[in-house]
Amino acid sequence: DNISGTATGDVTFTISFDQNVSYFSSNAVSVGNGTVSSVSGSGKSYTVVVTPNADAEGNISIAMNPNGGAKDASGNNLNIQLGSENSNALSYSQAFDTKAPSVETISVFSTGTSNVVNTVSSTVDLKIVLSENVTGITTADFNVSSGTIDSVSGSNDTYTVAYTPSS
């Protein structure tokens, strides 16, 4: 496939045959945790693009169906290579994660302390813990109906957001 690590979108699998193929289509593969979005190619080489299931994580699996349509000129099923050029694997898997992170907890503290605040009357720190590591969080990612988000700091799954209520 074309992804190293964990895929967050479509994965393109390259399928190589030992001779020219006729009748190769999405029927020639079985996919778990995703759907075939396109099949292209000719001769000995084809690509299958798989879209992982939405809002999920796990492994996309793709397996060749030996009786699924890939035939040589004589109508015989073919020797199939899926994965690296030096393998004869009939199946392959790819880790994926299309599940958006969610907020696990929000705690309110006096600015710069670990003292919990029950009533917000001045600037406070909101400690936000997410369900997974994220990057690139800025003040623009927050929308408040009253007050302002002054700054965001943190990393991975824990961030501190400075919030000033309207007066």
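Reply: Asn156 counts as partly exposed, at 43% relative accessibility (buried is under 20% relative accessible area, exposed is over 50% and partly exposed lies in between, with a 1.4 Å probe and protein chains only). Keep in mind that this is a predicted model, in which local features need pLDDT of at least 70 and side-chain atom pairs count only at pLDDT 80 or more, while totals for chains, interfaces and linings use all residues. Residues are numbered from 1 along each chain as its sequence is written, and side-chain values use heavy atoms, leaving out hydrogens and water.

Asn156 is not a glycine, yet its phi is positive, at about 55 degrees. Its place is the loop between β10 and β11 (158-164). Strands here are DSSP runs of E, at least two residues long, and helices are runs of H or I of at least four, numbered from the N terminus. With two residues between them, β10 and β11 form a hairpin, and Asn156 sits in its turn.

Let's follow the hairpin into its sheet. β10 and β11 pair in the antiparallel sense over seven bridges; for two strands to pair, DSSP must find at least two bridges between them. In this pairing, Ser153 stands opposite Thr160 in β11. Thr160 also has Lys127 standing opposite, and β9 and β11 are likewise antiparallel, over six bridges. A further antiparallel pairing, over seven bridges, joins β8 to β9 (residues 124-130), where Thr105 has Val129 as its bridge partner.

Put together, these four strands make an open, antiparallel sheet in the order β8-β9-β11-β10. Why is one side of β8 (103-110) and of β10 (148-155) left without a neighbour in the sheet? Each of them stands at an edge with a single partner strand, so one side has none. On average, neighbouring strands of this sheet are turned by 20 degrees against each other, direction ignored; the axes are lines fitted to C-alpha atoms (for helices, over the stretch in contact), and angles run from 0 to 180 degrees between N-to-C directions. As a general point, side chains in a regular strand alternate between the two faces of the sheet.

Now to another sheet, which is also open and antiparallel, with three strands in the order β2-β5-β7. Its edge strands, β2 (29-32) and β7 (91-97), each pair on one side only. The twist here averages 15 degrees from one strand to the next. Seven bridges link β5 (residues 57-64) and β7 in the antiparallel sense, and Asn59 stands opposite Ala95 in β7.

Asp97 is buried but has no salt bridge, and the nearest side chain of opposite charge, that of Lys99, is 7.7 Å away. The Asp97 side chain does reach the backbone nitrogen of Lys99, at 3.0 Å. That is a polar contact: a pair of N or O atoms within 3.5 Å, where, within protein, one must be able to donate a hydrogen and the other to accept it, and residues adjacent in sequence count only if both atoms are side-chain atoms. Beyond its neighbours within four places in sequence, Asp97 is in contact with Thr6, Ala7, Thr8, Ala56, Glu57 and Glu132, contact meaning heavy atoms within 4.5 Å.

The loop between β4 (45-52) and β5 includes Asp55, which has a positive phi of about 50 degrees although it is not a glycine. Asp55 is exposed, at 54% relative accessible area. Asn53 is found in the loop between β4 and β5 too, and is partly exposed at 30%. The side chain of Asn53 reaches the backbone nitrogen of Gly34 at 3.3 Å. Asn53 and Thr98 are 45 residues apart in sequence, but 7.3 Å apart in space, C-alpha to C-alpha.

Stepping back, the protein has zero helices and eleven strands. Buried residues make up 27% of its 167 residues. Of the contacts with a separation of 6 or more, 59% come from residues 24 or more positions apart.

Technical notes. Lys and Arg count as positive and Asp and Glu as negative; His and the chain ends are not counted. A salt bridge is a side-chain nitrogen of Lys or Arg within 4 Å of a carboxyl oxygen of Asp or Glu.
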